[in-house]
Every structure is written in structure tokens, then in C-alpha cells.
Amino acid sequence: MQRRINGTALIIAALLATVGALAFPVWSYADRSGTGRDKLAAATVATPYGPLSATDRDFLVKVRLAGLWELPAGQQAIERAPTRAIKDAGDHLVVGHADLDARARDVAAKLGIELPNQPNEQQQGWLRELSAASGREYERKFANLLRNAHGKVFALIAQVRHTTRNSLIRQLATDANQTVLDHITMLEATGLVDFDAIANEAADGTTASPTGPPPPAGGVPTAPDAAQPTGSGTFTSRPSTGPGAPTAVNTDRPAPPADALDTLAPAPS
């Protein structure tokens with residue numbers, strides 16, 4: 001009898017241990033810190049312009065770093081001017097990043113964020129790579145190094161513009177979006193961008209399965225109905241692009257503060 005009781009007790013204890021092990025991840029996860037919101041809160045500081053997150057600060061630094069290497073790269077393209085398209089792209093890089101850098105430095109001063117004065121090692125390497133190239137090789141390197149860099153920061157701009165709670169960072173992201181899209185457009189206009197290489201690099205960095213409609217089965221699909229407004233009304237806005245629109249993106253916007261219009265720090269030779 002005693003032996004039977006001991007066996008029953010052992011079975012009950014084992015069952016309780018199993019249930020406890022299964023339940024542990026549930027209650028321990030609910031109580032532990034380190035979730036996404038916890039990390040966001042821990043890395044965020046209050047400012048007069050709204051909460052400033054770690055992603056916001058990273059974005060501000062990246063805008064500054066972009067100007068520190070892309071502006072001298074654009075200046076170099078203007079001086080070499082192997083083709084008109086390369087010269088025009090270089091012109092947009094210089095003008096756009098001088099303007100964007102002034103805005104970034106003004107925002108950094110208001111938020112108390114220290115900014116770098118030199119491109120990072122990778123960016124310095126890109127500048128050296130461009131300086132060492134010549135002829136058609138230079139044109140290809142210029143178009144693809146700059147287009148790839150702009151494409152990557154474009155994704156960060158979208159994330160920051162979507163999620164930031166800081167009004168200064170939100171406006172800077174809006175300005176950066178216009179500038180970077182303009183530069184992407186001008187670089188692609190050179191006709192030298194390797195879109196296959198960009199797509200393959202992006203695919204190598206993700207494990208997500210592609211989504212979307214199935215591949216075409218052949219033939220011409222039935223055209224869907226056009227999306228049209230319903231009811232009557234007077235509309236004052238116009239599409240941003242259309243037949244006869246300029247190649248470049250319209251970047252007109254209020255000038256940055258006058259005290260922020262200093263020259264960018266020179267890139268290392």
C-alpha cells in the first residue's frame with residue numbers, strides 16, 4: 001500500500017513539473033523586460049520637440065555621414081565630367097547634400113546630438129575606390145556605389161518618417177526623402193545602374209518568402225477598372241509627375257536656417 005502511494009505521488013509530482021515547465025515561458029515572458037516597447041522606452045529621451053529614440057539619433061548621424069562622402073563624390077564627378085549624365089548627377093549630389101547637411105546640423109544643435117566630422121571607414125574606402133578608377137570603370141563605380149548607398153538609406157528614411165515622435169526628426173526625414181529620391185533618379189538616369197546586382201544583394205540579406213500575385217500565365221490579362229473618385233467635387237491637387245515632367249524630383253522647400261549654412265567638413269584625401 002505504501003509503495004502504491006509513493007508511486008502515485010511520483011506521478012503527480014512529474015505531472016506538476018511538466019505543467020510548470022510548459023507554463024514557465026508564458027508567465028515569465030509576460031513579466032520580463034526586454035520586449036520591443038521596453039527597449040524603445042529605455043533608449044528614448046524627452047526633448048521639447050517630442051521623444052527622441054535611438055533610431056532617430058542613428059538616422060541623424062547617417063544623414064550627416066552621407067553628406068560627408070557623397071558631396072565630395074559629387075564634386076569629383078563634376079570635375080571629371082566623363083558624360084553629361086554623370087556631371088548632372090554629381091551636381092545634384094553636391095547641391096542636395098549641402099542643403100541636407102545644413103538641416104541636419106541645425107536639428108542636431110537643437111537636440112544636443114554630437115555629429116561626426118569624417119566619413120566612416122567604409123565610406124572613405126568608397127571615395128578611395130572612386131579616386132583610383134578612371135574612364136568607363138569610374139562611371140560604373142560612381143553610378144552603382146552611390147545608387148546602392150542611397151537605396152539603403154532610403155529604407156531607413158521611410159522607417160523613421162513612419163515611426164518617429166519627434167517633430168524635428170520627422171521634418172528632416174521628409175527633407176531627406178525628397179533629396180535622396182532626387183539623387184536616386186539622377187543616378188539611374190546615367191543608364192549605368194546594375195539593378196540585377198541590387199536585387200540579388202537585397203535577396204541575399206533576407207529569408208522571407210516572396211509574396212504577391214502568381215507569375216503571368218501567358219496572354220494578356222483583363223485590364224482592371226480604373227480607380228476613380230465617386231461623386232462630384234472640385235480637386236485642386238495634381239499628380240507629382242506626368243508627361244513632360246522633369247527627370248529630377250522637385251526638391252523645392254524652405255531654406256534651412258541661415259546659421260546652419262556652413263561648408264561641409266572636407267573629406268580625407
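Leaving aside its neighbours within four places in sequence, which residues is Leu-60 in contact with? Taking contact as heavy atoms within 4.5 Å, the partners of Leu-60 are Ala-104, Val-107, Ala-108, Ile-113, Leu-115, Ile-169 and Leu-172.

Before going further, a word on the model. It is predicted, so local features need pLDDT of at least 70 and side-chain atom pairs count only at pLDDT 80 or more, while totals for chains, interfaces and linings use all residues. Residues are numbered from 1 along each chain as its sequence is written, and side-chain values use heavy atoms, with hydrogens and water left out.

Leu-60 belongs to the largest nonpolar core, which has 22 residues. Such a core is a set of buried Ala, Val, Leu, Ile, Met, Phe, Trp, Tyr and Cys residues joined through side-chain atoms within 4.5 Å; buried means under 20% relative accessible area, with a 1.4 Å probe and protein chains only. Phe-59, Leu-60, Leu-111, Ile-113, Ile-157 and Ile-169 touch the most other members. Helices H3 (54–80), H4 (84–111), H6 (135–163) and H7 (167–188) each give two or more residues to this core; helices here are DSSP runs of H or I, at least four residues, numbered from the N terminus. H7 gives the most, with seven residues. A second, separate core of 19 residues includes Ala-143, Met-186, Leu-192 and Val-193.

Now for the rings. Trp-69 is buried, with a relative accessible area of 1%. Its ring and that of Trp-126 have centres 5.0 Å apart and planes at 50 degrees, so the pair is tilted (centres within 6.5 Å; planes under 30 degrees apart count as stacked, over 60 as edge-to-face and the rest as tilted). This pair links helix H3 to helix H5 (residues 121–132), 57 residues apart.

Technical notes: Buried means under 20% relative accessible area, exposed over 50%, partly exposed in between (1.4 Å probe, protein chains only). Rings of Phe, Tyr and Trp (its six-membered ring) pair if their centres lie within 6.5 Å; planes under 30 degrees apart count as stacked, over 60 as edge-to-face and the rest as tilted.
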